[in-house]
Amino acid sequence: MKSSITWESLNRCGYGRVDEACLKEPDKNIFLLRREAVKLKLEGQALKEIETYTGLKPQEVCRLVSRFTTLDDFGVYHGEVALLPNKRIKQYTRTNIEQSKRSEQQGSLSGILGLTIAKHPDVFRKFVKRVLQQGTTAFRGLKYKKSYYYAEFLNLLREDGVTDAEWPFSVQGAGKRTILKLIDSISNQDFEKAVFAVADVGGKAHLQVGNGMQRLIVGSAPFDVIEIDAYKIDGFFSLAVRPEPNLTTTTVINRFWLIAAVESRSEAVLAYRLVFSSEVRAQDILDLICDASVGGWEPISELDVPGLEYPNGAGMPCYLIEESRGALWGCLYLDNAMAHHAALVSSNARNILGFSINYGQLGRPERRSQIEGLFRQASQRFLHLIPSSTGSNPWNGRSEAPIENAEKYQINIDEAAQVVDVFMATYNITPRRGRSYSLSPVEVMRQFFRENGLIFPRLQDRLQSVSELSSHVKQCTIRGGIKKGIRPYIQLDKAHYTSAELASRPALIGVRLRVKIDPKDYRAVDAYYTSGEFFGTLHVQGIWRHSKHSVTTRKIINRAIEKRVLECSMIDDVIVKYREHLISSKTRSTNLELQRLFDEQFGLEGDVEKEAPAIPAPVEKVKVQSVTSMIGFDLKPGQLIPGPEDDY
């Protein structure tokens, strides 16, 4: 087979090469002479002519050619590597059975491990599986100890019939050093399997990084790829809970969330939100997507933290670059959180904005490297430096007395929110290395929009507002009956909606309407015929019409009423009753819900009351239910408030 190998065929398939400039002078001369002899032989020159030209004997030339055309472990010809002086290309194989040694005698055991493995192949196969933890996950995450596997190897040899007169039991130390080297060689043979067996969670996350392979989806221009993720901030913070606009009470919470959207090409933060809840809901992600798409960020007019101010030119892209507002996205990177798989995000938002969604593999945060880098910097620079922080784990960043520090230093959540806002704005004007070439994210994005002459697809004009973009549509059937005296209405989340026009038109009973819902204000909805014609605005009736509330709040309170933990009558304001219930049931979890409810009613967007026109009262009885304990079901101390039942 080797006799048919020619120099031309070797050049086509490739072989190991050596840079002779790296060799020292004596070895270099020997190598060049050998390489020339092999080349001449493979080109078809006679051995005597080669001997005359190079001085190498025919037997030596044949030996060198044989070494040159031998395959290595990866199926590649050794090539020039085999011609290096004193280079071993074949592992030493012991053939003689070991002889007995005196107690202090050294040496005479070269290749004994290979001989043992050859005599007991089943032992080696089992040992490889145990070292790489194949077929079991029992030891994943535990500390990797080679001494444990050394003992396992000895046990396998015993089970296979190795006696005390044989190696390794016949020598002092029982061959420990040699077997530990065997464990290292097994790990080095398969990097990925070794990482899963040895590394911790962080090491496994880095497994896919730096493998030399190009990503399938690469953002070459702004808004090609957007990354969204959530970061929980654990600690004890003094929260100024405001049950009413003019009433403030201070208490302590132990967690809130930071969610953000980052543009991958420029690394700019498009939008962020602080979520005061035990978990992030789908509606929070939808609100973030709307903020990042439409924009609307403005600097906080009055900062309460002494010395805190925005640097010149700091802000979000939508504020600094008008052309970036409403730019359509190419692909949205998300992880596999339940909120990201909800219909509001995976279907509604995707259909309206037209982007694709890439969820990626479980446990692979490195694919969203830009937003993970943002969270890492935020945590290292100030979030985990707060005196009341509990850090990322008990051994990293945890304060010794977080609760006492929160009360002593009055670590106010509103002030923390101001710090986050200034940090995000400053982050966008901080120069980056790598793909940005020492430009800031805003500078990169500004050049693409204003200097490169690129045309970016944009949202339709009717979607250029957060409220219009975040609204969603449901199909409803008009109900009612003349015989029972029930005026026409539609029902949404166990509440009746009607108007003066609808209430006086019984001929519409049974007709289907398309209803557009603003998730931030559920008191009124816009109704359309299925043909697309606008019918009118319908207002909620009964206990829900008094105070502004969101779809999320409606669903949480409905579940509380179903579980008989909240009592309301037709004359009650259910939002006020729910707020009073949260105040009377103070825990760190209910404090978060109370803050969310206040932001919903009295937040920066304000509360524009929607007065409903006078409507004849429907002839319908409302069932009154009684109070028992907490929201949704009985909660134990420290238990989290449950989220809504569906996608909101």
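Arg-34 has its place in helix α2, residues 25-42, where helices are DSSP runs of H or I of at least four residues, numbered from the N terminus. This is a predicted model, in which local features need pLDDT of at least 70 and side-chain atom pairs count only at pLDDT 80 or more, while totals for chains, interfaces and linings use all residues. Residues are numbered from 1 along each chain as its sequence is written, and side-chain values use heavy atoms, with hydrogens and water left out.

Arg-34 is buried yet has no salt bridge, and the nearest side chain of opposite charge, Glu-60, is 4.4 Å away; buried means under 20% relative accessible area with a 1.4 Å probe, protein chains only, and a salt bridge needs a side-chain nitrogen of Lys or Arg within 4 Å of a carboxyl oxygen of Asp or Glu. Leaving aside residues up to four places away in sequence, Arg-34 touches, among others, Leu-56, Glu-60 and Arg-63, a contact being heavy atoms within 4.5 Å.

Let me turn to the aromatic rings. Rings of Phe, Tyr and Trp (its six-membered ring) pair if their centres lie within 6.5 Å, with planes under 30 degrees apart counted as stacked, over 60 as edge-to-face and the rest as tilted, and by this rule there are 15 aromatic pairs. The pair of Tyr-15 and Phe-68 is tilted, because the ring centres are 5.3 Å apart and the planes at 50°. Tyr-15 lies in the loop between α1 and α2 and Phe-68 in helix α4, so the pair ties together parts that are 53 residues apart in sequence. Tyr-15 is buried, with a relative accessible area of 8%, and Phe-68 is buried at 1%.

Note on methods. Helices (H or I, at least four residues) and strands (E, at least two) are DSSP runs, numbered from the N terminus. Buried means under 20% relative accessible area, exposed over 50%, partly exposed in between (1.4 Å probe, protein chains only). Lys and Arg count as positive and Asp and Glu as negative; His and the chain ends are not counted.
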